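Dear colleague,

I am passing on the structure we talked about, and I would be glad if you could look through it alongside the notes that follow.

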Amino acid sequence: MKKLNYRLVIFLLATLFGIAFTIPSFIGKQPRVNLGLDLQGGMYLVLGVKTDEAIKNQIKTIASTIKYISQKKELFIDNLKIHGDKITFELIDKDDMKKMDEELKNIKGIKVQKQVKNGSVYYTITLTPQEIQRTKENAVKIAVQTIRSRLDAFGLAEPSVTRQGKDKIVVELPGIKTQKEKENVKKLISTAAHLELYLVDEEHRATTPAEAKKYGDILLPDKNNPKRMWLLKTPPVLDGSMITDATVGFTQKTNQPAIFFTLNSQGAQIFGDITGKNVGKRLAIVVDNKVYSAPTIQERIGGGSGQITVGSPEEAHVLAIALRSGSLPAPVVLLEQRSVGASLGADSIRQSMIALISGFVIVVIFMAWYYGLAGIIADIALVTNLFLIIAIMAIFGATLTLPGMAGIVLTVGMAVDANVIINERIRELIRAGKPIKAAIEGGYKNAMSAILDANITTLIAAIALFAYGTGTIKGFAITMAIGILASMLTAILGTHGIWEYLLASGKKITPKHFGMKA
């Protein structure tokens, strides 16, 4: 045991670690490396984000805020209406103008214009150019995050969701093959899940959007009966941005599938105030501009919770995930869809494995032939390096893509390169007449700066590729980065530890063991 050194102990532990966490990937157990779209097949989607709709949603949210503030602060307003990208309303008492202005200052990103006329103040609210740009930018960013969250909650392994250009999103879904899976995923992605609560206008009648607009209302279709239109008062009294949770269940009376949602503290307060002031009136629950139900408010509803009845458990499951993950700030449209077949993935794997194995075997044979024992020790480090790459990727649930396999092939060459440098430095010192032990120590010391410089610069390049690259480039960068770090452990620390062990064991080391002639 005294012959063991800390370098060798670390190397042996790393080898055992690599083997232990590599085996599950080959027998289909967890943790294992996930195969990317190009290796196991699946779906490739390009989505477009309708950023202009995000502006409209932002305007509606601001209108709802103004309506709530005016009721809470007892600022009497009339004719609160939305006209495209602007909001207009009348403040009845001009003496309240200063108080209203103070409240409007708390709403960020708006431009306020007002006109005093006949004792009233007429307000026009628009978004500032900076807010419009910010809203559009955030619409795409939030859409990427929301879609990724939905796919993760749906149970898909390693979906790739990346932004492309100003308003496009690329979604790669490995393992999606059946038509039912494809339809469920497309529905999950495209569902905006924009929940809104509207008061039903039961005083007026309207059959066209133009007629509804006269009363400051909108017409929306019933989800189960599209021919039936509901006349709803605008703006909505509440929106889904205040939802904190949504679960699937069944109603007590009819045993229908339903989604039970919970609101945050602000939403709960608004919900309680609205239901308390409108007992006996109907409150429409609207998701993505369709009325799911419009129950009559029997009493004030506290606690910030409600329910949405749906047609089937499958629909409830998809919609609940969408609501939990947050609504899309703007609708997305499918611009392109491609299916990658499993046969293509199998061909890619087979060809990549041929390249990996053949390259590995050639390097192993060359090192053993050219450097003798030193080459065999380098080969042992190379095998451990491969185990470590797979093990680390499996632990972190990384996805192996075709470029990632190319990264592994490249890492094989880079990993052995460090030992080539070390062995050549040792050879130089032996030729200079240094004893074997001193030559080995000197060889590792002299080679260290060159090895560190080469590996650190390559690691920086891999980090840059990961930070700014797309899905497949990220796969290449990940395997490169892991391979570089593993090779520095195995090629520098591991092989050095083996030589120290052999010298401490009394084994006679000669120049022949480094491929040199006596």
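In this predicted model, the strands β13, β14 and β17 form an open sheet of three, in that order and with antiparallel pairing. Strands, like helices, are DSSP runs numbered from the N terminus (E and at least two residues for strands, H or I and at least four residues for helices), and two strands pair if DSSP finds at least two bridges between them. Because β13 (243-250) and β17 (305-309) each have a single partner strand, they stand at the edges, and one side of each is left without a neighbour in the sheet. From one strand to the next the twist averages 25°, where axes are lines fitted to C-alpha atoms (for helices over the stretch in contact) and angles run from 0 to 180 degrees between N-to-C directions. Five bridges join β14 (residues 257-263) to β17 in the antiparallel sense, and Thr262 has Ser305 in β17 as its bridge partner.

As to the aromatic residues, rings of Phe, Tyr and Trp (for Trp the six-membered ring) pair if their centres lie within 6.5 Å, and planes under 30 degrees apart count as stacked, over 60 as edge-to-face and the rest as tilted. By this rule there are seven aromatic pairs. Phe89 and Tyr123 are stacked, because their ring centres are 4.9 Å apart and their planes lie at 5°. This pair links distant parts of the chain, since Phe89 belongs to strand β4 (residues 86-91) and Tyr123 to strand β6 (residues 120-127), 34 residues apart. Phe89 is buried, with a relative accessible area of 2%, and Tyr123 is buried as well, at 1%; buried means under 20% relative accessible area, exposed over 50%, and partly exposed in between (1.4 Å probe, protein chains only).

Phe366 and Tyr370 are also stacked, at 5.4 Å centre to centre and with 10° between the planes. These two residues are four apart in helix α10 (residues 342-371), and so about one helical turn separates them. Phe366 is partly exposed at 41%, and Tyr370 is partly exposed at 33%.

Finally, the charged end of Arg338 sits over the ring of Tyr44, 4.1 Å from its centre (the rule asks for NZ of Lys or CZ of Arg within 6 Å of the ring centre and within 35 degrees of the ring normal).

Residues are numbered from 1 along each chain as its sequence is written, and side-chain values use heavy atoms, with hydrogens and water left out. Local features need pLDDT of at least 70 and side-chain atom pairs count only at pLDDT 80 or more, whereas totals for chains, interfaces and linings use all residues.
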